[in-house]
Structure formats: C-alpha cells, structure tokens
Amino acid sequence: MVHQYQLNGCNIVLDTCSGAIHAVDEVAYDVISLYREKSADEIIAHLLEKYSGRPDVNEAELRACLEDVAELERSGKLFTPDTFAPLADAFKERSNGVVKALCLHVAHTCNLNCAYCFASQGKYHGDRAVMSFEVGKRALDYLVEHSGSRTNLEVDFFGGEPLMNWDVVKQLVMYARSIEKDTHKNFRFTLTTNGMLIDDDVIDFSNREMSNVVLSLDGRKEIHDRCRVDYAGNGSWERIVPKFQKLVQARGNKNYYMRGTFTHANPDFLNDIHAMLDLGFTELSMEPVVCAPTDPAALTQEDLPIVLEQYEQLAKEMLERKQAGQPFTFYHYMLDLTGGPCIYKRISGCGSGTEYMAVTPWGDLYPCHQFVGDERFRLGDIWNGVDNTAIQEEFRSCNAYSRPECADCWAKLYCSGGCAANAYHATGSLRGTYAYGCELFRKRMECSIMIQVAEKLGK
Ligand code: SF4
Ligand code: SF4
C-alpha cells in the first residue's frame, strides 16, 4: 500500500508496510502514482505530454525513473505487500498477561467544573471519592506482581484532580521507591493536573519524583476560561498560569506537557499554541475534544477544513521556529521513523485493557480512564485480578487488523487501529472507527512525516 502527498514543497511517497518514506521530484512522484495503473509506454506518453515544456523530461529519463521504481519494488521499499495480517493473531497470543502500566484515579473529584469534562467533573458518573493509601499501595503491589520480567513500570496519577489527594500521591511514590530495589523494578510516574492546587511542595516533589507532568491549559485566556471554570463559573487561567510557569521553570530538563483541548469554539487552535509559546512553554499538546456530537463543544464538519489547515500551518511554523533557534515540541508530531515502535507495538496499539489499565479509587480495574464508570467494562479488581476475561479478550484483539475500515488505511501501522474509547463512543463498538478522528490522525501523520523529510532536505 502506497500513500502519496505533497506538502510544504515536499513530494512524499510512503510505503505503508515497509515503512519506507521517499522524498522524490515531481516527475518520479507522477511515475509512482501511475505505475500500477498504466503500462510503461502509457506512462511515458502521458508524462511527455504533461511536461512538454521541460527538456529534461525525455523518454530516456522516464525509462530510467521507471527502472528505479521497479528496483524499489524488488527491494521491498515500494508497493510492499501486507504480510502482517496473519501475525496480528500470533502477536495477540504473545501478550501474556503482563501489566506494565496503571493509571491510578486517586481522586474522583475536582475543583473545576469544565464544560467539556469527559469525566463528569471528575466523578465519572458516580460518587465523589478519593483513593486511600491502602488501595493505592495494593494497586502498586498488583502492578509489580503482574509485571513479569519487565523492569520499568509506569504509573499515572490521574483524576478528577489528583492534587486533591496529594498526600496519598506522595505516600504512594515513597512506597514505590521503597520496594524498587527488592523487586528489581523502576517506577516512572506521571502527574496530570489542572494546576489549581500547585504550591511549592507540589513543585518540589513533582520535579524530583515525576518523570512527566501534564499541565492542562487550553491556550488563549478567553478560550481557556470559556470552558475551564470553577463552580462559581470563574475562569481558572489567571490562577493557574503563574503556577505552571513556576513549575516548568523549576523543572529543568525533565519532561512536561502543556495539554490543551480544542473545541468548536477554537478550531483555529494554532492561536492557542502561540499563546502557550508566548507564556514560555515549549512542550505542547492540543487534543481535539472528545464529547457527544450534540454537545455544543463538539467539532463540526465545518470545523474540519480549518483544523486540517491548522495542522499544516503548525508543522510549517515548527520548521521555521527550529531554523530560527526557537524550537518547540508538539506531542502529536513526535514520530520516531528510525528506531520507532516494533511491529508488535505498531499492530497492537496502546495496550489498554491488557498491558495498561485504570484503577478506580475503590480498586476496580478498567481498560483505561475513558471506560471508567461504565460497568460493562469493569475488568476486575486489584485484589482478585481480572475476572471479566471476555472484555479483556476484546481489548486484546483490538488492533490494526481487527477493524474493517482500517484494512485500506495507509496510516494503519502508525495508528494501530486507533483509540478503542473513541471508536466505542463514536460508534458503540470497540471495532468501529471514529471517522472524524481518523481524518485528523492522518493529517497529523502527514505533517509529522513532512517535518522530518523537510529537515532531511534542508528545507
Ligand atoms: S479539570 Fe479535568 S477532571 Fe476537572 S472538571 Fe476539568 S476536565 Fe474534568
Ligand atoms: S486512522 Fe482510522 S481507519 Fe486508519 S488505521 Fe487508524 S483507526 Fe483505522
């Protein structure tokens, strides 16, 4: 399967199954696009006519180009057949119950009342609750017990708002550190916060212990304050931005992400990226809102061309800023084309429900935070393990080859079949696809590949 596109002056040919990416001139680009449909003589006749004003495009050059394309095909770098489908089931069998990451819902409560909250203001459609140290400790033990020979384990502190249960977060980190040596494990912690309760203690502890912090900020003040309000309806921007700046400044080289959400109110989200840059943040992420199509925040079909254009513009600006010595990172454009994920990972995706699970404040296990609160997806608990093996099996077999719509999608080995939660919420089925999200995903892939091609070409 081959995908061709032109962006920012680059002619890019992507061979899905080999992963090869070719940056070619426009004549070779045309040759490749016609290669499977027409005979050599037809291609030559067609292109001699198209490029009739170009003396360098002659029959000898075109035949040489056709031979180059044939050589790429012979060497498995173009029109590579898809041989991974049969492997998808075999890989599924190999995912043998090892758990490598947990998302701890330490607080099902929140001090904000965001209009687009996917978690019903942190409560996940249930009662307010916080996780006790005992439950959190048992969750960490469960992770260690089920991690097999894996050394590095990931733990996300999530909510609601996890800083509303900060003492327990700290106790759990200290407990995990205390068992690292004896269990031969390394814990990597991530904290996701709305920032309201950040103080010096949070900054010091997080910057020492958290491998990553995810800071929720939607960009422009008026955009942020439109949705991210407290229970009195007041925007939170002015209260959180100075705290985020202080935390990031003190963080040195450790990872962080400013994580924004864009909605129908700001499909022009590049302006929010600019706002974050102006505030001194350089590690950025903007996610399309996930909500019911009837929600006023939902992105519409009219928003789609705007969003797609914003992604392209963002990629161009990233290149320009890097050349000007002011680089910044956009989470969705971080694509490792050389030492990237192994084919197992590229087929099987994020591992939700198998390698990765969410834990509620009372110790129930769910495939990921997006399913918490929906009893049908409860997998089990941290004392007795997974007992809903039917649901786990469904998640285990969710991959790039289990969804009919993905069969012809050039991006399938980058997307691994997409997000199960988005698919479920959009279609009612884990095996569905969220078409709108797919359009955005493919555009992001085109942009991130273009960035790397342009850098290689010195553009
Ligand atoms: S801060 Fe997060 S959990 Fe709290 S209301 Fe906003 S989106 Fe929901
Ligand atoms: S982008 Fe959509 S269609 Fe393509 S592989 Fe991902 S989920 Fe499937």
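Start with R74: is this residue buried or exposed? R74 is exposed, with a relative accessible area of 54% (buried means under 20% relative accessible area, exposed over 50%, partly exposed in between, with a 1.4 Å probe and protein chains only). Before you click on, note that this is a predicted model, where local features need pLDDT of at least 70, side-chain atom pairs count only at pLDDT 80 or more, and totals for chains, interfaces and linings use all residues. Residues are numbered from 1 along each chain as its sequence is written, chains are lettered from A and ligands numbered from 1 in the order in which they are written, and side-chain values use heavy atoms, with hydrogens and water left out.

E71 forms a salt bridge with R74, and their closest N and O atoms are 3.0 Å apart (a salt bridge is a side-chain nitrogen of Lys or Arg within 4 Å of a carboxyl oxygen of Asp or Glu). Both sit in helix α3 (residues 59–74), 3 residues apart, about one turn of the helix. Helices here are DSSP runs of H or I with at least four residues, numbered from the N terminus. E71 is partly exposed, at 41%.

Next, hop to helix α5 (residues 133–145), where D141 and K137 are 4 residues apart, about one helical turn. They form a salt bridge too, with the closest N and O atoms 3.9 Å apart. Click each one: D141 counts as buried at 17% relative accessibility, while K137 counts as partly exposed at 29%.

Last stop: show helix α6 (residues 166–183) together with helix α7 (residues 200–209). They pack at an angle of about 25°, with axes 12 Å apart, the axes being lines fitted to C-alpha atoms over the stretch in contact, and angles running from 0 to 180 degrees between N-to-C directions. So α6 and α7 are roughly parallel to each other (angles under 35 degrees count as such). Where do they touch? W166, K170, V173, M174 and R177 in α6 meet D201, V202, F205, S206 and E209 in α7, contact meaning heavy atoms within 4.5 Å. Finish by selecting R177, E180, R208 and E209, which are linked in a network of salt bridges.

Key: Helix = DSSP H or I, 4+ residues; strand = E, 2+ residues; numbered from the N terminus. Parallel < 35°, antiparallel > 145°, perpendicular 65-115°, else oblique.
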